Amino acid sequence: MTAFGRATEDRPTPPEVYNWRVYAASLAISMGLLTYGYDSAFIGTTITQKSFKSDFGLVNMTKVQQNAVSSNLTSIYSAGGFFGAFFMFFSMELLGRKKTAVISDAIFILGAILCTVPTHQLGLIYAGRLLTGLGVGGLAAVSPIYTSEIAPPAIRGRLTGFFESSYQIGAVIGFWINYGVVHNINGNDSKAWRIPMAVQLIPAGLLALMLPLVTESPVWLLKKGRDEDAYRVYSYIRNLPADHQYIAEDVSFVKGQIESEHAVSTSGDRSFTAFLKGALKLSLMKGVRNRFVLVFLMFMWQAWSGAAAINYYSPTIFASIGLTDVTFWTGIYGLIKAAGSIIFFTFFIDKFGRKWPWIVSSVSCAVCQYYLAGYIAVSKPSLTAPKSASTVSGGKAATAFIMIFGGMWSFGANGLPWIISSEIFPTSLRSISGPFAAMSVWLWTFVVTKALPSMFTSMGYGVYIFFASALICASVYAFFFIPETKGLRIDQMDHLFGATRLENDALVAKGEEVYPQTKEDEVRAEVV
């Protein structure tokens, strides 16, 4: 299926491996991320509806109190996402990837119900937002890890990229649901806030229907010593007989890595306490600790991209060129972002890789923001001031740059941290690396969200110069420190990151020749 855009195969691969089952499983597990994207787009407008304010007593509050409620509804969701990712570590390790997705989805559904049914109980809304955050945090932690573990290496980027595409599609749905509500439902009617809240249940419900058809991760099964179950799962998702050589190689690669990691970190003790101690030891090893730093910094660069600043100021720029339906054009911007994600992650991610798309995407977006800074500094567009011909002309170019930014940011760097973080960690740490990546996202999102209003107040158009410069720094960082991972098996990442001790132990376990430790390996293991 879809031979175009595959990476070079790690070994001769039967065509049956690229079958509908592995695509269906990846699409199903990514369905939960529609909820993540949807929430990013719908909640801000929904809680400003007149009916929401009257139903929950905000009309009787001061402006400061209303702002506090709005902030709390956002913050409690973010906190839920952070801790949802953290607590799902235990489930991912002890219960498996599939059950973690089931638990996370169930928590989200309960939260969405609590957000939908209240009449005047603001406390239920708070509880619902906390639970939906916990659910989304868990889904964000497990989905990329699961997909990377079942994906053939040559199309791993495409399948894991369904995660980002689902997020962007969810954001588009959230925006247009609100657009339809605002234009067709009386804002004084409770339906104006209840319908967007209830729509959260649709993707979560679809995920609940699909999860029974999803298999457990064969990597987790092998880690738990359930070899027979792992062979059966591999046979199903690879569409090959269980005794096929390709499946035997898959199992050999994973088991070799597991055995080497256990030998180094736990001395063969398979208890959970030994796992925790061994995971800490393994995480601090040369060639492994740099991967955690890489993931944390990738999500930092992602957060400081300026995408939030574009969302903040784009309505003013649209209005400055005479666009009357500003909300509509904001929705078009969202559609372009979604289209960019779908096109890149479906057709190009495994062809062009991770490193250079990040660089090209970051530099292109930096150019867009430098122009926006110059336009705002010179023209000073506003919603009320008269529009000169030069302001309109510059605003049209600014609008074009905003649309280019949306496409180019999604056409690369925006989703790449998720893909890279899901594929670079050793088998023994993958129950930790998934939550760590998701927690990094929530942390940096919180930091930027809190900082942005003050930055606009104190820096003005300088905000865009700051973010553009951050993008240039991100591209430089990517050039020197983000390795190319396309087409590599997960067990090959140890050599890429300089974890030669782990790699050699894995080769010994398989009876193969070890790699000598070189100066290049030592340098690679130290860079972050």
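Which helix gives the largest share of the nonpolar patch? Helix 21 does, with six residues. Welcome to this predicted model, where local features need pLDDT of at least 70, side-chain atom pairs count only at pLDDT 80 or more, and totals for chains, interfaces and linings use all residues. Residues are numbered from 1 along each chain as its sequence is written, and side-chain values use heavy atoms, leaving out hydrogens and water.

**The surface patch**
- Twelve names to look for would be a lot, so start with a few: the patch includes Trp356, Tyr461 and Phe481.- Together, the patch residues have about 1100 Å² of accessible area, calculated by the Shrake-Rupley method with a 1.4 Å probe and, for residues, only the protein chains shown as cover.
- Patch members have over 30% relative accessible area and no salt bridge, and nonpolar side chains (Val, Leu, Ile, Met, Phe, Trp, Tyr) are joined within 5 Å, like charges within 9 Å.
- A salt bridge here is a side-chain nitrogen of Lys or Arg within 4 Å of a carboxyl oxygen of Asp or Glu.
- Helix 17 (355–379) and helix 21 (462–481) each supply at least two patch residues; helices are DSSP runs (H or I, at least four residues), numbered from the N terminus.
- Val476, in helix 21, is partly exposed, at 43% relative accessible area (buried is under 20%, exposed over 50%, partly exposed in between; 1.4 Å probe, protein chains only).

**Ile150**
- Ile150 sits in helix 6 (residues 122–150) and is buried, with a relative accessible area of 0%.
- Beyond neighbours within four places in sequence, its contacts (heavy atoms within 4.5 Å) include Val22, Pro218 and Arg238.

**Ser260**
- Ser260 belongs to helix 12 (residues 245–265) and is buried, at 2% relative accessible area.
- A polar atom of the Ser260 side chain lies 2.8 Å from the backbone oxygen of Gln257.

Terms used: Polar contact = N/O pair within 3.5 Å; in protein donor to acceptor, adjacent residues only side chain to side chain.
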